[in-house]
Amino acid sequence: IDTMSRIGKQPITIPEKVEFTQEGSKIILKGPKGTLEMDLPFEGEITKNENQVVITGGKENNASSASYGLVRALINNMVIGVSEGFTKTLKIAGVGYKAQLKGNILELNLGFSHTVEYAIPEGITVDVQDGTTIVVAGIDKQAVGQVATDIRRFKPPEPYKGKGIMYSTETVRKKAGKTAVK
């Protein structure tokens with residue numbers, strides 16, 4: 001029985017402007033957007049042939065077989081990150097709700113008695129457009145997703161009026177409120 005991952009079998013194409021280096025279990029990628037490095041303890045082999053990276057192995061035991069597709073996906077995300085970067089867009093809905101940047105701090109007015117301040121981590125850029133659209137960008141997919149989730153967590157969208165912070169691709173299904181007894 002072939003238990004290898006279908007994703008893990010696919011080679012990763014390295015663009016011309018990206019430099020791939022491997023030092024033992026450490027993978028280093030340098031590209032126009034920056035440099036990423038990750039320690040991948042993987043029992044299989046990661047080999048570079050001209051402009052492609054091929055991952056082989058992963059059949060010896062369950063641990064390496066299970067992480068085979070994961071290792072390929074992590075390396076592919078690093079290649080995309082250093083060459084193109086990742087973005088997540090958040091929308092703020094609600095009367096008086098807005099966001100603004102003050103240096104390295106994102107200030108959010110979300111209907112609370114105080115403004116919510118969020119310190120933007122290093123390596124992540126946040127852009128506020130028209131006060132209600134927040135664009136989170138960076139080269140590390142995991143960090144971009146985590147920052148977007150942290151910002152959304154301050155005021156998730158509620159189902160009755162649709163107020164809150166939501167992803168641009170997210171749709172909020174509205175619920176009917178209680179009806180008054182006549």
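## Salt bridges

K26 and E37 meet in a salt bridge in which the closest N and O atoms are 3.3 Å apart, and this is a feature of a predicted model. The two residues belong to distant parts of the chain, since K26 sits in strand β3 (residues 26-31) while E37 sits in strand β4 (residues 34-39), and eleven residues separate them. K26 has a relative accessible area of 30%, and therefore it is classed as partly exposed. Side chains of opposite charge can pair when their charged atoms come close, and a search of the whole structure finds four such salt bridges.

Another of these pairs brings R152 together with E170, with 2.7 Å between the closest N and O atoms. Because R152 belongs to helix α3 and E170 to the segment after β13, this pair ties together parts that are 18 residues apart in sequence. Both partners are partly exposed, R152 at 22% relative accessibility and E170 with a relative accessible area of 25%. A salt bridge is also formed by the side chains of D150 and R153, at 3.6 Å from N to O, and R153 is exposed, with a relative accessible area of 55%.

Strand β12 (residues 133-138) has six of its six residues buried, so the strand is largely enclosed by the rest of the structure. In a regular strand the side chains alternate between the two faces of the sheet. In β12 both of these faces are covered, as T133, V135 and A137 are buried on one side, and I134, V136 and G138 are buried on the other.

Two neighbouring strands can be described in turn. Strand β7 (residues 86-93) runs antiparallel to β12 and is joined to it by six bridges, with L90 standing opposite I134 of β12. Strand β11 (residues 124-129) also pairs with β12 in the antiparallel sense, over six bridges, and here T125 stands opposite A137. Strands β11 and β12 form a hairpin with three residues between them, and D130, in the turn, has a positive phi of about 45°.

## A three-stranded open sheet

Elsewhere, three strands make up an open sheet in the order β1-β6-β5, and their pairing is antiparallel. The edges of this sheet are β1 (12-13) and β5 (45-49), each of which has a single partner strand, so that one side of each is left without a neighbour in the sheet.

Strand β5 is joined to strand β6 (residues 52-56) by five bridges, and the two run antiparallel. Within this pairing, Q52 in β6 is the bridge partner of N49.

## Aromatic rings

How many aromatic pairs does the model contain? The count comes to one aromatic pair. Its members are Y118 and F154, whose ring centres lie 6.0 Å apart and whose planes meet at 70°; an angle over 60 degrees counts as edge-to-face, so this pair is edge-to-face. Y118 lies in strand β10 (residues 116-119), whereas F154 lies in the loop between α3 (141-152) and β13 (164-167), so the pair ties together parts that are 36 residues apart in sequence.

The two partners can also be described by their accessibility. Y118 counts as buried at 11% relative accessibility, while F154 is partly exposed, with a relative accessible area of 28%. A ring also takes part in an arrangement with a charged residue, for K88 lies over the face of Y167, at 5.5 Å from the ring centre.

The side chain of S83 reaches the backbone oxygen of V79 at 2.8 Å. Leaving aside residues up to four places away in sequence, S83 touches P15, K17, V18, P32 and K33.

## K178 after strand β13

K178 belongs to the segment after β13, and with 87% relative accessibility this residue counts as exposed. The C-alpha atoms of K178 and D39 are separated by 54 Å, and the two residues are 139 residues apart along the chain.

How values were computed. Residues are numbered from 1 along each chain as its sequence is written. This is a predicted model: local features need pLDDT of at least 70, side-chain atom pairs count only at pLDDT 80 or more; totals for chains, interfaces and linings use all residues. Side-chain values use heavy atoms; hydrogens and water are left out. A polar contact is a pair of N or O atoms within 3.5 Å; within protein, one must be able to donate a hydrogen and the other to accept it, and residues adjacent in sequence count only if both atoms are side-chain atoms. Contact means heavy atoms within 4.5 Å. Buried means under 20% relative accessible area, exposed over 50%, partly exposed in between (1.4 Å probe, protein chains only). Helices (H or I, at least four residues) and strands (E, at least two) are DSSP runs, numbered from the N terminus. Two strands pair if DSSP finds at least two bridges between them. Rings of Phe, Tyr and Trp (its six-membered ring) pair if their centres lie within 6.5 Å; planes under 30 degrees apart count as stacked, over 60 as edge-to-face and the rest as tilted. A charge sits over a ring if NZ of Lys or CZ of Arg is within 6 Å of the ring centre and within 35 degrees of the ring normal.
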